[in-house]
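Open the model in your viewer and keep the sequence panel beside it. The tour below goes from one selection to the next.

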Amino acid sequence: MLKYSKPKMIIFDYGHTLVYEDKWDGTRGMEVVLKHAVSNKSGATAEQLAALSNNLFGVTTQMARKHGVEAHEHKVQNLLYEYMQVKIDLSPDKIEKIYWDNAAPAHAMPHIGEVLDYLRLVGIRTAVISNISFSGAALRQRIDSVLPGNSFEFAVASSEYVVRKPNKMIFELALRKAGLDAADAWYCGDSVDYDIIGAHSVGIFPVWYESEIECWYRERGGQIKPDYDHLHIRDWRELIEALQKL
């Protein structure tokens, strides 16, 4: 039998936990960004920019991630547009938002709104930790647009803190921001390697959310089930049921 107590806060992962995204289309995103170009000395096309962006992500960013380090989207943008001699008459924040919104539109996971409403009703605090190269501001804007009226106290983006889950520091940082001990928090995520292992490593009770919606950026194949206490759910309403039993 699982041993867990009612949490004071539940922290959520972002991707494929709170929301799912359409399959990435970098060309579509670049087409919209290029509409704001005030100069384009190289004559770069959306297809060329998207191909270079994908290459930077596939090589440079992924190399960093293998070592548990996150690259910030604004720095990638700096290299991409300056290298291609394209000047965009927008702030870095606006460029990344336009690009992300058009390259991978987001949608709320089924029934997550019901969970957030329930947690607010019973007084359980909420927050977010995400492994993501986009800025913390962009992450927060996207969450608020897809899940309006949420009560997340903060959203920790790995891009702003260098390290990525499952690094203990990013979970401990969230606990310190919340003013809580690990025993008072739960963490919900879809990745065993990053979310479940990371939360467990600092003593946060892990909730493994495994959706039937296919995740296009994760390699196919089942994840190895953790051999320690955790809650494994496939529908967000199961989380409400588990909390109501406490």
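Start with strands S6 and S7, which run parallel and are joined by four bridges. Strands here are DSSP runs of E with at least two residues, helices are runs of H or I with at least four, and both are numbered from the N terminus. Two strands pair if DSSP finds at least two bridges between them. This is a predicted model, where local features need pLDDT of at least 70, side-chain atom pairs count only at pLDDT 80 or more, and totals for chains, interfaces and linings use all residues. Residues are numbered from 1 along each chain as its sequence is written, and side-chain values use heavy atoms, with hydrogens and water left out.

**The strands**

Select Thr126. Its bridge partner in S7 is Phe152. Now show all of S6, residues 125–130. Five of its six residues are buried, meaning under 20% relative accessible area; exposed is over 50%, and partly exposed is in between (1.4 Å probe, protein chains only). S1 and S6 pair in the parallel sense over four bridges. Met9 stands opposite Arg125 in S6.

Stay on Arg125. Its side chain meets that of Glu153 in a salt bridge, 2.7 Å from N to O. Glu153 lies in S7 and Arg125 in S6, so the pair ties together parts that are 28 residues apart in sequence. A salt bridge here is a side-chain nitrogen of Lys or Arg within 4 Å of a carboxyl oxygen of Asp or Glu. Glu153 is partly exposed at 41% relative accessibility. Arg125 is partly exposed too, at 27%.

Next, pick Val156 in strand S7. Is Val156 buried or exposed? It is buried, at 0% relative accessibility. Leaving aside neighbours within four places in sequence, its contacts include Val128, Ile129, Leu139 and Ile170. Contact means heavy atoms within 4.5 Å.

**Helix H1**

Move to H1, residues 26–34. Colour Gly26, Gly29, Met30 and Val33: these are buried. Look down the axis of H1: its buried residues fall within an arc of 95 degrees, so they line one face of the helix. The arc is taken from the directions from the helix axis to the C-beta atoms. The partners packed against these buried residues include strand S3 (37–40), helix H2 (46–66) and helix H4 (92–103).

**A buried glutamate**

Go to Glu96 in helix H4. Glu96 is buried yet has no salt bridge; the nearest side chain of opposite charge, Arg142, is 9.6 Å away. Lys and Arg count as positive, Asp and Glu as negative; His and the chain ends are not counted. What does the side chain of Glu96 join in a polar contact? The side chain of His74, at 2.9 Å. Such a contact is a pair of N or O atoms within 3.5 Å; within protein, one must be able to donate a hydrogen and the other to accept it, and residues adjacent in sequence count only if both atoms are side-chain atoms.

**Loops to finish**

Select Gln85, in the loop between H3 and S4. Gln85 has a positive phi of about 60 degrees although it is not a glycine. Then visit the loop between S7 and H7, where Val162 sits. Val162 has a positive phi of about 75 degrees. Pro166 is in the loop between S7 (152–157) and H7 (168–178). The peptide bond from Lys165 to Pro166 is cis, with omega near 15 degrees.
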